[in-house]
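Student: Please take a close look at one chain of this model and at what touches it. I am new to this structure and would like one connected account.

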Amino acid sequence: MIRRRRARVLATDPFVPVNPTVPRPQTTVVVPRENPEKVRSRAERRLKFTTVCFVLGFAVIGLKMGTIAATDAREPATGGLAGADIVSARADITDREGRVLATNVTATALYAQPRLMINPLTAAEGLAQIFPDMEVEVWQKRFTSGSKFYWLKGNISPEQQQAVHDLGEPGLLFGQREMRVYPNGQLAGHILGGARYGQQDVRAAEIKGVAGVEAEFDDYLSDPAREGAPLRLSIDVSVQTAMERVLASGMRLMSAKGAAGVLMDVNTGEIVSMASLPDFDPNSRPAPPTEGTPGDSPLFNRAVQGVYELGSVFKILTIAQSLELGLTNSGTIIDTSGPLRQGRFSIRDFDDYGDRLSVTDVIVKSSNIGTARIALEIGAERQQSFLKSLGLFESTPVELAEAPGAHPLVPARWPDISTMTISYGHGISVSPLHLATAYASVLNGGTRVQPTLLAREGPVEPGPRIVSSRVSAEARNMLRQVVTRGTASLAEVEGYQIGGKTGTADKPSPAGGYYDDKTISTFAGVFPAQDPKYVIVVTLDEPSIEAAGQLRRTAGWTAVPIASELVRRVAPLLGLRPDFDPGVDTFGEYLTQTAAQR
Amino acid sequence: MRILLYALSVSVVVILAFWAYGEGYETRATERDVARLERTIGARHQELSMLRAEWAYLNRPDRLQELAEMNFETLGLIPLAPDHFALADQVGYPPPAPLALPTPPASPQVWAEGEALEQKIGDVIVMTYRFGADAKPRVISPPTLADDGEQLP
């Protein structure tokens, strides 16, 4: 049976419009529009911000590129310990011609690490065989004591190194280092001074100067910025050799205790040669003396450190001042009748030279009385300021570590008796170098020179004027006459017109007073006198020689022959051509030569 | 098109990477070279300073003096003295060659004559350059030498 579906009854017509009972919500929401000006300005702000960010970013990049481009390119970490530029830690020292005075060589040091040793006992035995000064028991004890490290030898030879290698002991090791060497041995030992090791390591050791130029220029020599450029001294090796030889033989001949010599360029103050005997080898500098007077040690530099009463060599300074002040001229007659009494002192001459002498003859005969009278005319104050202007009151500015310690001995008070004695070189103690500087300043035409050990580059400005060039010429002429007809007649060398003054002073005894039989004999001079080139000072300590029938201690018999031999040897080496023309000894020549020079 | 672009850029990156690595290795090799050279230069400098020290040591005035004394017979060196200076017209120049005579042609005989010439001249010290050039090299009896051939003072 088929059931029929009931037809669905559709309720209502869907298309019938229905009246909504609930009113539909109105969707017309009013969105308030923003202010276009505001929007614009905000966008602008954002854009600006972005721009600034970009500009900053690019600026940083640009700056970085700029700095990279501007800086020097640097190799990233090339080269090892031994680079190409830094050859040695300490620069060489050369003489004025570039001849080596001090240099470095590589050396080998020996050290031990007992922990690495296989057999410490046999190692110590083997070492004792190679190095005789090492004691077996001592080192056996040390190697087995548990210490980690020992320095054995600071510097061993290649043969010794091979012998140590042959021991086959891994605990014995070698370190590389540099060693300071003075190839000329004793030559210029006092000037160079010497060096020792400072901080040391197994790979390298620092070299430090002990004395002399080495100590004075310690920082300068080891300055890496100078890339090992050598230090050039004003010393000339050949002249220095001749000086030391002549002084040594002269010292032996005169049986003197010591000798000192200074040769100085009269215009520049360069010290061409300076020697002090006895000397030492800077390669093995002796230990400072623990007993005796330090002045007798070979380490003592008599030319710089030794301050002595040098005697009559001072007279020319007094005379030059009186000429400069116009108190006298070379012909003025001075009363030399003696003895000259001043308080409880009386001043005598070596011989009686008569009652009156001209100023020239006061120098030629070396009259103490005449010089003292002239000094009284000058007066203490002017004398002091003159000697001060010559640098005789302070230590020399020469470039040696010892120089600042060598103060001249000057009286604290300056009564008339000091004025008188100092006028002929007693009562004031200066070094030979002081004297050479003073002589150079007075005799080179009258301008002050500063002593130096460094070779000067280029011409030197003349220093402040001390005396006029005419006074300088007159002083030189007087000194020349000392040699031709005075106390220094043995100084004459054909061709080189030496002018100079002798000085003999009794040595002060430490107990007070003066020794009778111990003198300091000095010759100070200039050559050639009419056209001064070099100043020479020779000082002998306690000389004596049997000559012409009696024992002589005066400088005329001791220091003068040595100085003359020195000039004979040294002047040709300095390239000075001898002039045998007798016309050069006239006073007119002195004036014209000086005029031509200035 | 896009694939091509990608492929191209990837290959460029690869090529650049190879190039950069290559440059890096080359740089390191060069650096090693430079370091080696610097070490060599340093060692040479060290040798040079050693040789300088040796030169200075061998030329020290003491040794030269002793050598001059040892060889005085042949060299006749004495210290320089003031009378060693002379004027230029005091120098003994060789006499001018005679112009008229034709100069004999240089023959080996001249050389062979060297010894005979020396004997003929005898004691006369001839200092002309001709004698010096023609003479046979003379053997100067050497002073005693050390093991290594150095003249020991």
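Tutor: In this predicted model, residues 24 or more positions apart account for 71% of the contacts in chain A that have a separation of 6 or more. Of the 598 residues of chain A, 44% count as buried.

The secondary structure of chain A consists of 17 helices and 18 strands. Its radius of gyration is 44 Å, well over the 25 Å that the globule rule gives for 598 residues, so chain A is more spread out than a compact globule. Along the principal axes, the C-alpha trace of chain A spans about 190 × 80 × 50 Å.

In the contact between the chains, 34 residues of chain A meet 25 residues of chain B. On the chain B side, α1 (2-58) and α2 (61-70) each supply at least two residues. The most comes from α1(B), which gives 16 residues to the side of chain B that touches chain A. Sorted by class, that side of chain B has 14 nonpolar, five polar and six charged residues.

Terms used
Residues numbered from 1 in each chain as written. Chains lettered and ligands numbered in written order. Predicted model: local features only at pLDDT ≥ 70, side-chain atom pairs only at ≥ 80, totals over all residues. Helix = DSSP H or I, 4+ residues; strand = E, 2+ residues; numbered from the N terminus. Rg over C-alpha atoms; globule rule 2.2 N^0.38 Å. Buried ≥ 20, exposed ≤ 12 C-beta atoms within 10 Å, placed from the backbone. Contact = placed C-beta atoms within 7 Å. Nonpolar A, V, L, I, M, F, W, Y, C, P; charged D, E, K, R; others polar.
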